[in-house]
Amino acid sequence: MTTMTTPSARVPILTYHGRNVFGSAYANNDHVALASDLQTITARGWRIAPLTDVVDAFLAGRVPRDTLCLTFDDGTDYDVRALDDPDHGLQPGLLNLLAAFQARHPGAQPGLRGTAFVIASPDARHAMDVECVHGRGWMGETWWKDAVDGGLMDIGNHSWDHNHEAVPVVAQRNQQKGNFHCIDSEADAEAQIRQAHAYIAARAPCAANDLFCYPYGHVAPYLRDTYLPAQAASAKPFVRAAFGTDAGCLTPTSD
């Protein structure tokens with residue numbers, strides 16, 4: 001992977017939600033968007049790299065050039081298999097799109113691998129599936145290890161229960177739901193991040209287990225400034241990098 005350390009070096013991190021299926025066009029279907037983007041990225045000479053590799057390079061003081069990463073949020077089954085969406089028909093699955101691209105263009109993207117940020121709690125996933133994903137059991141975990149073993153997808157940490165309003169009882173101490181800014185104590189952080197890491201790593205061990213994606217993209221100041229830096233400096237860190245959703249790129253000066 002070519003690297004440079006000048007301030008102009010930047011790595012876009014593109015985020016897709018397999019559940020974003022609201023039509024059949026680029027703007028309203030993330031399966032359509034990913035298929036198109038894979039072609040565009042390659043045609044323009046960019047290289048896709050695993051997010052873990054980019055984090056390693058960044059922590060070593062380097063930022064890759066002409067490189068980007070692919071991530072998938074929330075960990076629905078839309079990430080990995082074809083599903084017959086009740087509103088918009090058969091969707092191919094994001095992992096299947098990666099495999100199809102690789103088969104059609106052998107060697108074009110040797111570092112092709114996405115990172116799926118999944119929700120750990122089975123109860124939370126069940127509640128979210130019922131409220132947000134048609135209630136068909138499409139937020140499972142049996143695919144996590146198979147996806148890792150297949151070589152095209154890693155599994156990262158998207159918290160214990162997303163502190164989601166659809167979950168009857170969340171890990172947040174006061175039952176404040178619907179945002180992640182209220183994860184502002186060590187106890188809440190341990191429940192949402194460390195507990196999730198342990199659960200995910202036990203089922204789908206890979207280098208991306210210690211990458212964390214803030215639910216809702218909410219970068220809580222306590223987590224950013226206190227909790228995560230403290231655990232990163234510990235003897236056994238379980239988060240090497242954390243990602244929000246503000247538009248922008250990873251650069252040499254990124255937090």
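Just after helix α2, G61 takes a positive phi of about 90°, and within α2 itself the residues L51, T52, V54, V55 and A57 are buried. The model is a predicted one, and α2 (51-59) is also among the elements that give two or more residues to the lining of its largest pocket. That pocket has a volume of about 960 Å³, whereas the second largest pocket has a volume of about 260 Å³.

**Largest pocket**

- The largest pocket, with its volume of about 960 Å³, is lined by 33 residues, of which A242, F243, G244, L250 and D255 are the closest to its centre.
- Besides α2, the elements that give two or more residues to this lining are β2 (11-16), β5 (67-74), α7 (221-232), β11 (241-243) and β12 (249-250).
- When the lining of the largest pocket is divided by class, it has 21 nonpolar, 7 polar and 5 charged residues.

**Second largest pocket**

- The second largest pocket, at about 260 Å³, is lined by 18 residues, and those closest to its centre are H17, D74, M128, H162 and H164.
- By class, the lining of the second largest pocket has 7 nonpolar, 8 polar and 3 charged residues.

**Packing of α6 and α7**

- Helix α6 (residues 186-203) packs with α7 at an angle of about 80°, and the two axes are 11 Å apart.
- Because an angle from 65 to 115 degrees counts as roughly perpendicular, α6 is roughly perpendicular to α7.
- On the α6 side the contact is made by E186, A189, E190, I193 and R194, and on the α7 side by Y222, L223, Y227 and L228.
- The residues of this contact divide into 6 nonpolar, no polar and 3 charged.

**Buried residues and their contacts**

- R125 is found in helix α4, and at 5% relative accessibility it counts as buried; not counting residues up to four places away in sequence, R125 touches I119, A120, M139, G140, E141, W144 and Y199.
- C213 lies in strand β10 (residues 211-213) and is buried, with a relative accessible area of 3%.
- Leaving aside neighbours within four places in sequence, C213 is in contact with D73, F117, N157, H158 and F243, and F243 is itself one of the residues closest to the centre of the largest pocket.
- C213 and V118 are 95 residues apart in sequence, while their C-alpha atoms are 9.0 Å apart in space.
- T251 lies in the segment after β12 and, at 18% relative accessibility, counts as buried, because the cut-off for that class is under 20%.
- The contacts of T251, not counting residues up to four places away in sequence, are with A9, R10, F58 and V63; the C-alpha atoms of T251 and V63 are separated by 6.7 Å, although these residues are 188 residues apart along the chain.

- S159 has a positive phi of about 90° although it is not a glycine; its place is in the loop between β9 (153-157) and α6, where S159 is buried, with a relative accessible area of 0%.
- Q175 is found in the loop between β9 and α6 as well, and has a positive phi of about 60° although it is not a glycine; Q175 is partly exposed, with a relative accessible area of 33%.

**R136 in the loop between α4 and α5**

- The place of R136 is in the loop between α4 and α5 (143-150), and this residue is partly exposed, with a relative accessible area of 47%.
- Leaving aside neighbours within four places in sequence, R136 is in contact with D84, P86 and D129.
- R136 and P106 are 30 residues apart along the chain, and their C-alpha atoms are separated by 35 Å.

Technical notes
Residues numbered from 1 in each chain as written. Predicted model: local features only at pLDDT ≥ 70, side-chain atom pairs only at ≥ 80, totals over all residues. Heavy atoms only, no water. 1 Å grid on protein atoms, 1.4 Å probe; cavity = no way out; pocket = protein on both sides within 12 Å on 5 of 7 lines; lining within 4 Å. Points joined across faces, edges and corners; volume = space filled by probe spheres on them. Helix = DSSP H or I, 4+ residues; strand = E, 2+ residues; numbered from the N terminus. Nonpolar A, V, L, I, M, F, W, Y, C, P; charged D, E, K, R; others polar. Buried < 20%, exposed > 50% of the residue type's maximum accessible area, 1.4 Å probe, protein only. Contact = heavy atoms within 4.5 Å. Axes fitted to C-alpha atoms, helices over the stretch in contact; angles between N-to-C directions. Parallel < 35°, antiparallel > 145°, perpendicular 65-115°, else oblique.
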